[in-house]
Amino acid sequence: MKDMLSPMHLVAALVYSAIGLVVLFIAFIVVDKCTPYDLWQEIVQKQNRALAVVVGAITLGVSIIIAASLAG
């Protein structure tokens, strides 16, 4: 248990978290570019709930894939 709390493991967890967030952000940009309209404007300004659910599901799917790939 003491080995798990070492600074090396903490730094590794922070680095992998940052890498995961960057990959998730890039995936959102790719999905945004693949759609014929601006996702952010459609969700926030036009209050399109159906699109928000779809984008949320895509984000969760990509997050699970990223977590599985980083965990090894």
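Me: What makes Glu42 part of a helix, and which helix is it?
Reply: In this predicted model, Glu42 is found in helix H2, which covers residues 39–45.

Me: Why is Glu42 called buried?
Reply: Its relative accessibility is 16%. Buried means under 20%, so Glu42 counts as buried.

Me: Which residues does Glu42 touch, not counting residues up to four places away in sequence?
Reply: Glu42 touches Tyr37, Gln47, Asn48 and Leu51. A contact here requires heavy atoms within 4.5 Å.

Me: How do you know that Lys46 forms a salt bridge with Glu42?
Reply: The closest N and O atoms of Lys46 and Glu42 are 3.7 Å apart. The cut-off is 4 Å, so the pair qualifies as a salt bridge. Side chains of opposite charge can pair when their charged atoms come close. By this rule the count comes to 1 salt bridge.

Me: Is Lys46 buried or exposed?
Reply: Lys46 has 53% relative accessibility. Exposed means over 50%, so Lys46 counts as exposed.

Me: Where is Gln47, and why is it called exposed?
Reply: Gln47 lies in the loop between H2 and helix H3 (49–71). Its relative accessible area is 54%, and exposed means over 50%, so Gln47 is exposed.

Me: What is the phi of Gln47?
Reply: Phi of Gln47 is near 55 degrees, a positive value in a residue other than glycine.

Me: What makes Asn48 a cap of H3?
Reply: A side-chain oxygen of Asn48 lies 3.4 Å from the backbone nitrogen of Ala50. A polar contact needs N or O atoms within 3.5 Å, so this pair falls inside the cut-off. Asn48 caps the N-terminal end of H3.

Me: How do you know that the span of H3 agrees with its number of residues?
Reply: At 1.5 Å a residue, the 23 residues of H3 should span 33 Å. The end C-alpha atoms of H3 are 32 Å apart, which agrees.

Me: Which residues of H3 are buried, and what covers them?
Reply: Leu51, Val55 and Ile66 are buried in H3. What covers the buried residues of H3 includes H1 and H2.

Me: Why is Val55 called buried?
Reply: Val55, a residue of helix H3, has 9% relative accessibility. That value is under the 20% limit, so Val55 counts as buried. Leaving aside its neighbours within four places in sequence, Val55 is in contact with Phe28, Leu39 and Ile43. The C-alpha atoms of Val55 and Asp32 are separated by 9.4 Å, although the two residues are 23 residues apart along the chain.

Me: How many helices and strands are there in the protein?
Reply: The secondary structure comes to 3 helices and 0 strands. From the N terminus on, the elements run α-α-α.

Me: Why is the protein called more spread out than a compact globule?
Reply: Its radius of gyration is 16 Å, well over the 11 Å that the globule rule gives for 72 residues, so the protein is more spread out than a compact globule. Along its principal axes the C-alpha trace spans about 50 × 20 × 15 Å. Of the 72 residues, 12% count as buried.

Me: What is the average pLDDT of the protein?
Reply: The protein averages a pLDDT of 85, and 94% of the residues score at least 70. Where pLDDT is low, the predicted coordinates should not be read in detail.

Definitions and conventions:
Residues numbered from 1 in each chain as written. Predicted model: local features only at pLDDT ≥ 70, side-chain atom pairs only at ≥ 80, totals over all residues. Heavy atoms only, no water. Helix = DSSP H or I, 4+ residues; strand = E, 2+ residues; numbered from the N terminus. Buried < 20%, exposed > 50% of the residue type's maximum accessible area, 1.4 Å probe, protein only. pLDDT = per-residue confidence, 0-100. Salt bridge = Lys/Arg side-chain N within 4 Å of Asp/Glu carboxyl O. Expected span 1.5 Å × (residues − 1). Polar contact = N/O pair within 3.5 Å; in protein donor to acceptor, adjacent residues only side chain to side chain. Rg over C-alpha atoms; globule rule 2.2 N^0.38 Å.
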